[in-house]
Structure formats: C-alpha cells, structure tokens
Amino acid sequence: PGPRWIDSRVEAAWALCDTASPNRRRLCGHRVNPSQGTAVNEQLSLIVLDNIGDGVISVDASGCITSFNQAAGKILKLDRDAFIGQPLVTLLAVDESLDTFGDAVLAAIYEGQLINDQVIDIAVQGEKRRLRVSTTLMRADDRRGSLGAILVFRDQTESIRRERAER
C-alpha cells in the first residue's frame, strides 16, 4: 500500500466514477482485487506485447528468453513457445545469420552497449531479411543493475524493396 494521501485520492477518484454518467464511467475501467492484481497485470502485459507490430524478445540477466511476442515469431518464422524459458543460444543456433542479432542482445546485457535503429541482415529459412534493431536494458524501479535486455526489431525488407522499385 502507498502513502495514505494516495489511498484517499484513489478512493475519491473511484467515488467520482461511481456517480459519473455512463459515457464517463467507461473511462474509469474496473477495480481489480489487490490479490488478483498481479495476475491481471501479467495477462494484460502479455496481451499488449502480442499486439505490438514489432518483434519483441526479452532476455534475463542469465541469458534466458523471458518473452517472445507473436510479431517476433512471425518475422523470424519461429514457434515462440519453443524458445520461451530457453537460453538465447537456442535461438541463435537456428541460423548462423542470427549471430549478429545475438551479439546485439549480449552486448546490451553484459557490456551495457545499447543499439538504436541498427540495420542487421539475417536469413530466415534461407530468405534474406533486413531488420531494424534496437536494444534496451530491463531495470527495476530502483535502477540498480540490469535484469536483462529487450530486443525490438522490425522487418524492413519489403519497404526497402518498394523504395528500390520506385527509383
């Protein structure tokens, strides 16, 4: 629980929601039982992650894959469920061209070297793909130490082909 003044303001906000018009009440959301809050937040986080168009893979500080969204699976043409909880090297072993991809994540986790919008060429099932990749560190609220890294990537192959065709 937070400070008392926050608790009283939250209760006041809910009281306003209870008396709001139906249209405004939609902005209030719904109360979550604190004992269920963590599970609900985790479920919502997974839904949000799967609705992001970019590929997102997170890796903990020991190098194990902790999340792998649907877009990442689609871009890399891999079954994400086969990789969650596995060491990053299992993903990298799929194709030699993923080494550059892995180097970016490992440099973020172990050396703090982040990349922003770097173009990386890989092969996906023999097909050359050009990805735009960024990494960031996962940190706890206290900002001490890294919990791992997040790799965000977008397949730029088709847009590059279109640009070349327009020239």
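Student: What should I know about numbering and confidence before I start?

Tutor: Residues are numbered from 1 along each chain as its sequence is written. The model is predicted, so local features need pLDDT of at least 70 and side-chain atom pairs count only at pLDDT 80 or more, while totals for chains, interfaces and linings use all residues; side-chain values use heavy atoms, with hydrogens and water left out.

Student: In what order do the strands of the sheet run, and how are they paired?

Tutor: Helices (H or I, at least four residues) and strands (E, at least two) are DSSP runs numbered from the N terminus. Two strands pair if DSSP finds at least two bridges between them. Here 5 strands make an open sheet, ordered β2-β1-β5-β4-β3, with antiparallel pairing. β2 (65-68) and β3 (118-124) are the edge strands, each pairing on one side only. On average, neighbouring strands are turned by 30° against each other, direction ignored. For such angles, axes are lines fitted to C-alpha atoms, for helices over the stretch in contact, and values run from 0 to 180 degrees between N-to-C directions.

Student: Which helix packs on this sheet?

Tutor: Helix α7 (residues 157-166) does, touching β4 (127-138) and β5 (148-155). The direction of α7 makes about 130° with that of β4. Contact means heavy atoms within 4.5 Å.

Student: Is Thr135 buried or exposed?

Tutor: Buried means under 20% relative accessible area, exposed over 50%, and partly exposed in between (1.4 Å probe, protein chains only). Thr135, in strand β4, counts as buried because its relative accessibility is 8%. Leaving aside neighbours within four places in sequence, Thr135 contacts several residues, including Ala104, Leu114 and Ile150.

Student: How is an aromatic pair described?

Tutor: By the distance of the ring centres and the angle of the planes. Rings of Phe, Tyr and Trp (its six-membered ring) pair if their centres lie within 6.5 Å; planes under 30 degrees apart count as stacked, over 60 as edge-to-face and the rest as tilted. The count here comes to 1 aromatic pair. Phe68 and Phe83 are stacked, at 5.8 Å centre to centre with 15° between the planes. Phe68 lies in β2 and Phe83 in the loop between α4 and α5, so the pair ties together parts 15 residues apart in sequence.

Student: What surrounds Phe83?

Tutor: The loop that holds Phe83 runs between α4 (70-76) and α5 (88-92). Phe83 is buried, with a relative accessible area of 10%. Not counting residues up to four places away in sequence, Phe83 touches Ile65, Phe68, Leu78, Thr90, Leu91 and Val94.

Student: How many residues does the largest nonpolar core have?

Tutor: A nonpolar core is a set of buried Ala, Val, Leu, Ile, Met, Phe, Trp, Tyr and Cys residues joined through side-chain atoms within 4.5 Å. The largest has 28 residues, and Ile57, Phe68, Leu76, Leu91, Phe101 and Phe153 have the most contacts inside it. α6 (99-111) gives the most to this core, with 5 residues. Among the residues that Ile57 touches are Phe68, Leu91 and Phe153.
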